[in-house]
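This briefing accompanies the sequence and structure shown below. Please read it alongside them.

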Amino acid sequence: MHRLAMPNGTRRLLSCRPISLKPWPLLRHLHGDVSRHPRSAAPAPTALSFPKPRHIIPAPPPSSSRREAHTIDSPSSAAAIEPYSPPTSGILSRLPKSWVPYGELIRIDKPTGTYYLFFPCLFSTLMAAPLATPAAAPLSVIGTTALFFAGALIMRGAGCSINDLWDRNLDPHVTRTRHRPLARGAITPFKALTYTGVQLLAGLGILLQFPTSCLYYGIPSLLFVASYPLAKRVTYYPQFVLGLTFSWGAIMGFPALGVDLLSNSSALNAAALLYASNVSWTVLYDMIYAHMDIKDDAKAGIKSIALKHDADTKKILTALAAVQIGLLGAAGVAAGAGPAFFVGSCGGAALTLGWMIKRVNLKSVKDCWWWFVNGCWITGGVISLGLGVDYLIRYVQDEETEAKED
């Protein structure tokens, strides 16, 4: 006769010892006796045994949610760090592999900073051209502008290198900057410092192409170039120091075209007002830029005007725009500018800045970046256009006046 097969669970149940009905032994039986059963050895299972909480493994959240939580809410978490990947497109991808970290150090693939440094030079050149004696010829203006662009390219790279040397211990804690060459260890601080020295020498070479007086006006700007990264550690208004640095070109166009600021009070007033206007513009656009890093900056201990006035940013941006346009208009009055400047430069700046302030979404990193990049050309372009048209009109008028006198 064949025996009936008994399931293992039934056999196990019948083999269990009777369970005491006393409450204390029952609790000890259900939850385990810590003194008798060490953590590494679980008690033998019985029919009334239940899996202990430590054996329950929760299902992990979806990978996309986990990545978003790390990269936005806790960017300094080890899980947030994505591996560095070499550039596969753009100018960096065309450089030899050993040159790539140096190209990244000077942000050669992100030229917006160069444009922001160049525009004040262009503004002052176009404003100073009619004030020169005789008025600067268009070819002279173009040549001076080209030199200023070369200088802006070199000195912006030097400024980025100095900034990264200061911030090499902070950048690893900020999502946007953790893959910078110094932060990830691609180049040593000594090599970066040497490279910065080479850039400063190249900048000096450009400066020496201008009249000698430009040397005395240009060198003091290095103090602001070196101090801006330090300002982020001691004040909530480092953007003001950045404005003092990036706006220096608003002075340089006058001596570059032979206009003596010390003997020409109108030119001196125009240069000072134009410089102040550009400082206000720099604080404005960099406040938008600072909103991209506002969460990381708070965790890393980096100060910015965006952190200090997060709730009132658009009001402050509006006030900065009003100051910028007012000072720009005053500079035009001091320089004797005509209607083309006030309509094109001042009116155009009012429209473009108002549009940007209204449309920018300060809570969106992508939107802040778009307006930072494109606002440079939109506002800088209309100011330059108004100044350029005003210069050409005045230059033609001067030429006609000279022709009549002859």
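Helix H12 (residues 249–256) and helix H13 (residues 265–290) have axes that come within 8 Å and cross at roughly 155°. The model is a predicted one, in which local features need pLDDT of at least 70, side-chain atom pairs count only at pLDDT 80 or more, and totals for chains, interfaces and linings use all residues. Residues are numbered from 1 along each chain as its sequence is written, and side-chain values use heavy atoms, leaving out hydrogens and water.

**H12 and H13**
- H12 and H13 are therefore roughly antiparallel to each other (angles over 145 degrees).
- Ala250, Ile251 and Phe254 of H12 meet Ala267, Ala270, Ala271, Leu274, Tyr275 and Asn278 of H13 (contact means heavy atoms within 4.5 Å).

**Pro101**
- Helix H5 (residues 100–105) contains Pro101; helices are DSSP runs of H or I with at least four residues, numbered from the N terminus.
- Pro101 counts as buried because its relative accessibility is 10% (buried means under 20% relative accessible area, with a 1.4 Å probe and protein chains only).
- Leaving aside residues up to four places away in sequence, Pro101 touches Pro181, Arg184, Ala186 and Ile187.
- Pro101 and Ile187 lie 86 residues apart along the chain, and their C-alpha atoms are separated by 6.9 Å.

**Trp166**
- Trp166 belongs to helix H7 (residues 138–166).
- Its relative accessibility is 38%, so Trp166 counts as partly exposed (between the 20% limit for buried and the 50% limit for exposed).

Terms used: Helix = DSSP H or I, 4+ residues; strand = E, 2+ residues; numbered from the N terminus. Axes fitted to C-alpha atoms, helices over the stretch in contact; angles between N-to-C directions. Parallel < 35°, antiparallel > 145°, perpendicular 65-115°, else oblique.
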